[in-house]
Amino acid sequence: MVSLLDIIGPVMVGPSSSHTAGACRLGLLARCLVGGTPEKVRIELHGSFARTGEGHGTDKAIAAGLMGFRPDDERIRTALEIVESEGLQYRFEKTTLGEELHPNSVRLTVERGAHSHVMVGSSLGAGRVFITEIDGYPVEVHGNCHTIVLLAEDVKGSIARIAAILAEDDCNIATLRLTRKERGGDAFMVIEVDEQPGENVRDDIKKLAWVRWTHRLDKVSA
Amino acid sequence: MYSSLAAAIKDAEAQKKSLGVLALETESRDQARPVAEIRDALNRALAVMRRAVNDGMTGDLHSASGLVGGDAAKLRHGPPGPLSGTPFRDVLARALAVQEVNAAMGVIVAAPTAGGAGILPAVLTGLATARGIPDEQVITALATAGLIGAVVAERASLSGAEGGCQAETGAAAGMAAGAATEMLGGSPAQVGHAVALAQQATLGLICDPLGGLVELPCVFRNATGSAIALAAIEMALAGITFAIPADEVIDVMGEIGREMDVRYRETAGGGLAATPTGRRLARERMVQIKRSPG
């Protein structure tokens, strides 16, 4: 559903809603996967992000998002200098990630402490974003809801347990999607919820013996 | 939000409301947020728009490539033309100002996109200043613009990479034309005609930025797009109607966008970007961007 505030917005640092604001949002989402500013990131720019990214500040915007700056944060302009002064290791590469991928796409390999994840995301225009892949699992995350992602052993009743934890926190599930690479293999769950889930939700989910890891992706758009 | 302007106009007429009020109420229902909260968000957007207009008038902004900048100040302070002292010249200056801020990585409101971000603030704040219209009404007009943009997003596209410049500055011209027509007292039906009149004038407009940068011709397309919006407003408020309904004009825009060769959709492979001068400038300026410290 298109929101009026998606059309009159976002408030953003220019020059391009897809190459700057959307790029920043993709950085913000990747940051959530490791629960904070990643120390080391490999940033693989695809298509138009690779071809015209420099002139649009796509590199600065992605780095800014990774450090937690939002699309209207004027520090985007000097984000690469901040990366350097903070001693972060962000490496940019130009690549081709496949013909079928949206022209404005990036693969981010983020590392923070013991956490390491790979995310593929696209910027669809007007600042809207779409994550298509996390750690090799196909996903559909738009970042316009609070989203919980988790990797779990494929055990029976797992969805019921997680739904119960969310219900206890008074969190309403908007969408739920489960994918796995093979039968009996690990299951990747993406749950979009209407309300921001409390810290206890992540702690309770983490306590489940069959959950390998879980993170909350912030709502990044209207 | 609505996916048909005709349906929205029908509801507005039946409920004796403006399209802006209808848009606010619909958004409130869709997103389960109070109207006051949505008005607050639009008020913040309006403040950012005004700041961008002011910052862009100083004339000392420069884009990454140096291809654009300083032209808003020329309209404000430069030699007069036949339209000096009129809202027309002021609106053109405001549109250039916002786009110059955008190209210099300043803060703007993407409305609907960053590439077309100059038109709506230029037309609304320019005409509101000329006519002394209070902010409350400008905020409602922003909601009207949002409704029109949502219809374009649903029926066609708001992305130059998908639909060419007609989907960015064209859509922005339609949004500005409809919103300002309502702000100046036009009926919902007149809003529909204003949108159709503006959007028909930009059908087929390609997206051909030099080097793929949101600079040239984007900055100037915002000024000329504003001029188209002003023409549509003037005609619609005079009672002129356009026989093809806005929804159908928008559908045609979407169809042209889908048929448009990829060279004309933000790839810098055709149009002005591929002219001998366009190619030379893009080559020279990209070298400069790579050398600049940021």
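User: What is the strand order of the open sheet in chain A, and what is its pairing?
Analyst: In this predicted model, the six strands of the open sheet run in the order 3-2-4-5-6-7, and the pairing is mixed.

User: What makes strand 3 and strand 7 of chain A the edge strands?
Analyst: Strand 3 (89-95) and strand 7 (137-141) each pair on one side only, and they are therefore the edge strands. Direction ignored, neighbouring strands of this sheet are turned by 20 degrees against each other on average.

User: How do you know that strand 6 and strand 7 of chain A pair?
Analyst: Pairing needs at least two bridges. Strand 6 (residues 128-134) and strand 7 of chain A have three bridges, so they pair, in the antiparallel sense. In strand 7, A:Pro138 is the bridge partner of A:Glu133.

User: Which helices pack on the sheet, and which strands do they touch?
Analyst: Helix 2 (residues 17-33) of chain A touches strand 4 (104-112), strand 5 (115-125) and strand 6. The direction of helix 2 makes about 155 degrees with that of strand 5. Helix 4 (residues 58-66) of chain A touches strand 2 (40-47), strand 3 and strand 4. The direction of helix 4 makes about 140 degrees with that of strand 2.

User: Why is A:Ser158 called buried?
Analyst: The cut-off for buried is under 20% relative accessible area. A:Ser158 has 8%, so A:Ser158 is buried. A:Ser158 lies in helix 6 (residues 158-168) of chain A.

User: Which residues is A:Ser158 in contact with, leaving aside neighbours within four places in sequence?
Analyst: A:Ser158 is in contact with A:Met189 and A:Trp210, such neighbours left aside.

How values were computed:
Residues numbered from 1 in each chain as written. Chains lettered and ligands numbered in written order. Predicted model: local features only at pLDDT ≥ 70, side-chain atom pairs only at ≥ 80, totals over all residues. Heavy atoms only, no water. Helix = DSSP H or I, 4+ residues; strand = E, 2+ residues; numbered from the N terminus. Buried < 20%, exposed > 50% of the residue type's maximum accessible area, 1.4 Å probe, protein only. Contact = heavy atoms within 4.5 Å. Axes fitted to C-alpha atoms, helices over the stretch in contact; angles between N-to-C directions.
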